Amino acid sequence: MKLLVVRQMISLLVIAMSLPFCSASLQADIFTYVDESGKTVTLEASLYGSGKRRGEMMHGLLKPDGSIVLVPQGKINKRELRAAPKPLTVEQMSEGLTKKFGKDKFRFHLESPFLVGVVLAAPLDGSDRTELRVKTFLEKAGRFMRNVDVIFETYSRKMGIELADYEFPMAMLIFESDDDFESFAKETTGLGDGVENILAYYSHVSNNLILRMSECSSFDTPLHEAIHLQTINRGVVKRFAPVPTWFMEGIATGFEGKGDRINVSPDRINTHYALMSGVAKLLNWGEVVALDGVFGGSVLSGDAYVHAWGLHWMLVTEHPNEYLKYVQNLSTKEPFAEISPKDQYKEFVEILKVRPEELQLRFKVQLIESILKEKIKLPSLDDKYVHLEKHKQEMAIVKMTAVSYSPALPPRIEGWLQNISPFRPMTFHIMVLTDAGTYAEWYLPDVGIRRKIKLKPQNANKIMRGATGGRWRTYHVEVDSAYPGSEKAEAWAAGKFPIPAVSRRAQVDPSRSGQ
Ligand SMILES: [Zn+2]
């Protein structure tokens, strides 16, 4: 199992009905409305769109920072017409964010129109060296955003897709601590505990990219989300418009690559998805096209991304002219408009002049032919079949191997941990827990920046609270980290470690292959 997580698309709104609205887009007005807490708010914004959400008529008000505020129709008291407001500059945006997160907890780098910021888990140690490390990290992230910009333009030019200029500054916010990421995501997405499974997201509401810092050791996950940001901010599609999920995810997966090297594009074979398409559970491409729901939440949603990649790749390589027309049609879709699954399917067939099911029938042959023609070597599938876990958690990459001669004996665990913090030494506590209720633990104080430590092999034979032992089938790894000098670090230094209890957390089933 490569990752414990399922990437989820954040679709915050369910839109039930569309209403025509005036899209004199650059008209900015002063809106006075009553917010959820009953406070009267006055806001300079333009009307982005209006439509029904959970049965209630809503207006989307677009603010100068590019974020959208959703206000129920009845709550708007006053609308004064005004001239267009200027979108914020990145400098103005940085002031707002510094105020929001606090001077000692926020650092940023400007790469206009992008702002890259890190929300620190704890104040830095005050040394110039550490500040420089943070700066270097942010500059790297800024270069990454710039590169994404270039590859997206290159791809669009090749396909004939016309791009608009950016209108708003765009922020990429990187959260150093997973806890901070999760509480911020909970607060801003309404996804509840589902945020635990999210690595990164593009928010249609704030127009920001929100990331866990642990995902930034390679820019693989951010790349996918940055493509969502590009697709929207370069005018390919509008926010809250009825754009099929297979398209949004198909184009984003098409750019996913390995690490920092961005050398994949949707018209080329993505070796990861090509490989996964051989093992993904079968999903009818007609359903992938019609039903956005196949991408959400369920165990199958990881596989839906694999199919979306294949479907998108087929269109780009085999039907480029019709693909362009299809994209142009998507660009005309207005915010808060609505389309039924049936019409979404119909539109696909009418414009692309091919049924998704036909593409699916041809896909395997086409893929194999292209692999042979381009002499592409697929990565090996090995990792999926050995008891091996490699994942990122809490600023660490951990790789574990469990060896056992009998399921009745606790496994012997070997592995390593790397501190992936680009600017802090960290202290780690690692536990490997089996489903039989036994575990092993390691305490690693003050691991240097980017240092990799080999763990002393151990048998997972400590007994969890409330456990009886017995045969084990699966195991999972939990990593906790502490900042130098923090309360947690001091408790650990005094030998106070948590004792895990049974059924505290759902077990990982290796048959669940997440994306
Ligand atoms: Zn996505």
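Predicted model: local features only at pLDDT ≥ 70, side-chain atom pairs only at ≥ 80, totals over all residues.

1. Residues are numbered from 1 along each chain as its sequence is written.

2. The protein chain has 12 helices and 19 strands, these being DSSP runs numbered from the N terminus (helices H or I, at least four residues; strands E, at least two). Of the 515 residues in the protein chain, 40% are buried, a residue being buried if 20 or more other C-beta atoms, placed from the backbone, lie within 10 Å of its own. Among contacts in the protein chain between residues at least 6 apart in sequence, 68% join residues at least 24 apart, where contact is defined by C-beta atoms, placed from the backbone, within 7 Å.

3. The largest nonpolar core has 114 residues, and those with the most contacts inside it are Ala141, Met172, Ile174, Leu209, Leu211 and Val432; a nonpolar core is a set of buried Ala, Val, Leu, Ile, Met, Phe, Trp, Tyr and Cys residues joined through C-beta atoms within 7 Å. Helix H8 (residues 301-318) gives the most to this core, with 10 residues. Apart from this core lies another, of 11 residues, including Tyr33, Tyr48, Leu62 and Val71.

4. Leaving aside neighbours within four places in sequence, Met172 is in contact with Phe114, Val116, Ala141, Met145, Leu209 and Leu211. Met145 also belongs to the set of H2 residues that meet H4, together with Phe144, Val148 and Phe152.

5. The axes of helix H2 (residues 128-159) and H4 come within 10 Å and cross at roughly 60°, the axes being lines fitted to C-alpha atoms over the stretch in contact, with angles from 0 to 180 degrees between N-to-C directions. That makes H2 oblique to H4, since angles under 35 degrees count as roughly parallel, over 145 as roughly antiparallel, 65 to 115 as roughly perpendicular and the rest as oblique. On the H4 side, the residues met are Pro222, Leu223, Ala226, Ile227 and Gln230.

6. The axes of helix H4 (residues 220-233) and helix H5 (residues 245-255) come within 8 Å and cross at roughly 130°, and H4 and H5 are therefore oblique to each other. The contact is made by Leu223, His224, Ile227, His228 and Thr231 of H4 and by Met248, Ile251, Ala252, Thr253 and Phe255 of H5.

Technical notes
Contact = placed C-beta atoms within 7 Å. Buried ≥ 20, exposed ≤ 12 C-beta atoms within 10 Å, placed from the backbone.
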